[in-house]
There are 2 protein chains.
Amino acid sequence: MGYSIKTIAQKSGLSQYTLRYYEREGVLPVVARDVNGNRCFNDEDLELISLICCLKDTGMAIADIKQFIAFSQEGRDRLPDQRKLLQEHKQHIDEKIKFFQSFARKIDHKIAYFASLENEAKASGNHKTT
Amino acid sequence: MGYSIKTIAQKSGLSQYTLRYYEREGVLPVVARDVNGNRCFNDEDLELISLICCLKDTGMAIADIKQFIAFSQEGRDRLPDQRKLLQEHKQHIDEKIKFFQSFARKIDHKIAYFASLENEAKASGNHKTT
DNA sequence: TATTGACTTACACCTAACTCTAAGGTCTAA
DNA sequence: TTAGACCTTAGAGTTAGGTGTAAGTCAATA
């Protein structure tokens, strides 16, 4: 009945240490326990962990994720607050995508420039670059 | 005659602490000094710092940037190594862009879902969400 | 029944990337 | 000639986000 921490670690890609750390910090809501006091995750937890990973991997700070989770535990009154957090984060992501795309172009130019220098170098000496 | 650390901090957006730290760590090549031993940056340094910021802001670790800079100080023999590092990093960036885009879609769905719940909630009680 | 393996908590430790402090040198303007 | 703004180094402290250890519980199995 429910998943052990080991299973969830495998499914989520987070370590057991990290899962416990997240629960301790309030990044995860408190997880249910079985009769022996062992954590007993369900599909809803798994779903939430996947969202948390997405938020984290797109650069949201643990403290902000914690705030988001806290709102989700408070009930429907907090839906607008949750939505606001997501919308703000979405904006950050959009900005990052733009920045990354512009840098991808910049780096492509650099690579082409290096390639041209390499061809040059085949015919001459060995000097400093950049 | 060159730029002071203060000027470079303003132009680059890095703090003076960070600039010194970068030089200490070899993230920046050793910077020229004036007669009093004060750092004296030039336009080439500024150019390099801009590249370093791009690498860092797109997630390259300080240690890898350091390696890149070390190659650039060794001369044209290392051009292929420099190019390889950039190409690998470019791949990471491309993957990140894809991941970020897919998450941007996911979060948009979530936002829409929250909005629909909010409308529902206007007519009923206050329960847990997510 | 003794061992094995998975789990628990509390707490110490680690790494990356800064960030600050202390103690001091040099230049310029009043 | 002193005040203030700027710089220097060495080294300590901070923050975020984990990661690891020690000591103990519990259940299944040889």
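Which atom of A:Arg39 lies 2.7 Å from a phosphate oxygen of DNA strand C? A backbone N or O atom of A:Arg39 does.

The model is predicted: local features need pLDDT of at least 70, side-chain atom pairs count only at pLDDT 80 or more, and totals for chains, interfaces and linings use all residues. Residues are numbered from 1 along each chain as its sequence is written, chains are lettered from A and ligands numbered from 1 in the order in which they are written, and side-chain values use heavy atoms, with hydrogens and water left out.

| Residue | Protein atom | Distance |
|---|---|---|
| A:Ser4 | polar side-chain atom | 3.1 Å |
| A:Arg33 | polar side-chain atom | 3.2 Å |
| A:Arg39 | backbone N or O atom | 2.7 Å |

DNA strand C is surrounded by 18 residues, where near means a heavy atom within 4 Å. Among the closest are A:Lys6, B:Tyr22 and B:Asn36. Helices are DSSP runs (H or I, at least four residues) numbered from the N terminus. The largest share of the surface near DNA strand C comes from α2(B), with 5 residues.

The axes (lines fitted to C-alpha atoms over the stretch in contact, angles from 0 to 180 degrees between N-to-C directions) of α5 (residues 79–123) of chain A and α5 (residues 79–123) of chain B come within 8 Å and cross at roughly 160 degrees. α5(A) is therefore roughly antiparallel to α5(B) (angle over 145 degrees).

Key: A polar contact is a pair of N or O atoms within 3.5 Å; within protein, one must be able to donate a hydrogen and the other to accept it, and residues adjacent in sequence count only if both atoms are side-chain atoms. Helices (H or I, at least four residues) and strands (E, at least two) are DSSP runs, numbered from the N terminus. Angles under 35 degrees count as roughly parallel, over 145 as roughly antiparallel, 65 to 115 as roughly perpendicular and the rest as oblique.
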